[in-house]
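Hello,

Here is the structure I promised to pass on to you. Have a look at it first, and my notes follow below.

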Amino acid sequence: MKTLIVYSSLTGNTRQIAEAIYEIFGEQADLFPVEKAPSADGYDLVAVGFWVDRGTADKKAQGYLGGLRNQQVALFATLGAYPDSEHAAKSMANAAALLDESNQVVGTFICQGKVDPRLIEQFKKLPEGHPHGLNAERLARHQEAAKHPDAADLNNAKAVFSEIKGKLQGTAL
């Protein structure tokens, strides 16, 4: 199965997930940062990774997702929030909505990742009570996010993409 893996990464989180996914597909896969990604034509699967920015894919990934046509697409993402949160689910749904309706989403994966320190500094400057201002809960979440992606996240990404690969090849367990 010829697979194109494209990612946008600000802090290296999404790149790590992309590289783990690449291990599943091996020589039949091509791996590119979004800025250097080729046309998706001729690929059986296009896996697109992004970091969550304002509840959706970051700008670079948005542009790439919006240009895909007639593809089987798997999405993967990293974010500072908890991966089982409502925010994570909405962010993935918002990214999927960027795709043209001629595409088919065949799977998704999302995990926590460290937040860009520059962004945390901006959060510190926000007034008390601001929805993105730093409070004890948010600070604890950022501290937890700084530990990710970890080995478990990478293994989970591999498991999800192994399943996607199996389903598309008709060999799912």
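**What I found**

Asp116 is buried, at a relative accessible area of 11% (buried means under 20% relative accessible area, exposed over 50%, and partly exposed in between, with a 1.4 Å probe and protein chains only). Before going on, please note that this is a predicted model, in which local features need pLDDT of at least 70 and side-chain atom pairs count only at pLDDT 80 or more, while totals for chains, interfaces and linings use all residues. Residues are numbered from 1 along each chain as its sequence is written, and side-chain values use heavy atoms, with hydrogens and water left out.

Back to Asp116: it sits in the loop between strand E6 (104-112) and helix H4 (117-124) (helices, H or I of at least four residues, and strands, E of at least two, are DSSP runs numbered from the N terminus). Leaving aside residues up to four places away in sequence, Asp116 touches Leu10 and Thr11 (contact means heavy atoms within 4.5 Å). Its side chain also meets that of Arg118 in a salt bridge of 2.7 Å, N to O (a side-chain nitrogen of Lys or Arg within 4 Å of a carboxyl oxygen of Asp or Glu). Arg118, by contrast, is exposed, with a relative accessible area of 58%.

The structure holds ten salt bridges. Among them is the one between Glu19 and Arg15, at 3.3 Å, N to O. Both residues lie in helix H1 (residues 13-25), four residues apart, about one turn of the helix. Another joins Glu163 and Lys167, with the closest N and O atoms 3.2 Å apart. Glu163 is partly exposed at 45%, whereas Lys167 counts as exposed at 52%.

Now to the domains. The assignment gives domain 1 (3-113 + 149-171) and domain 2 (114-147) (the bounds come from an automatic or database domain assignment). Eleven residues from domain 1 and nine residues from domain 2 take part in the contact. About 780 Å² is buried between domain 1 and domain 2, with carbon and sulfur atoms giving 53% of that area (buried area is the accessible area, with a 1.4 Å probe, that two parts lose on being put together, summed over both).

Best wishes
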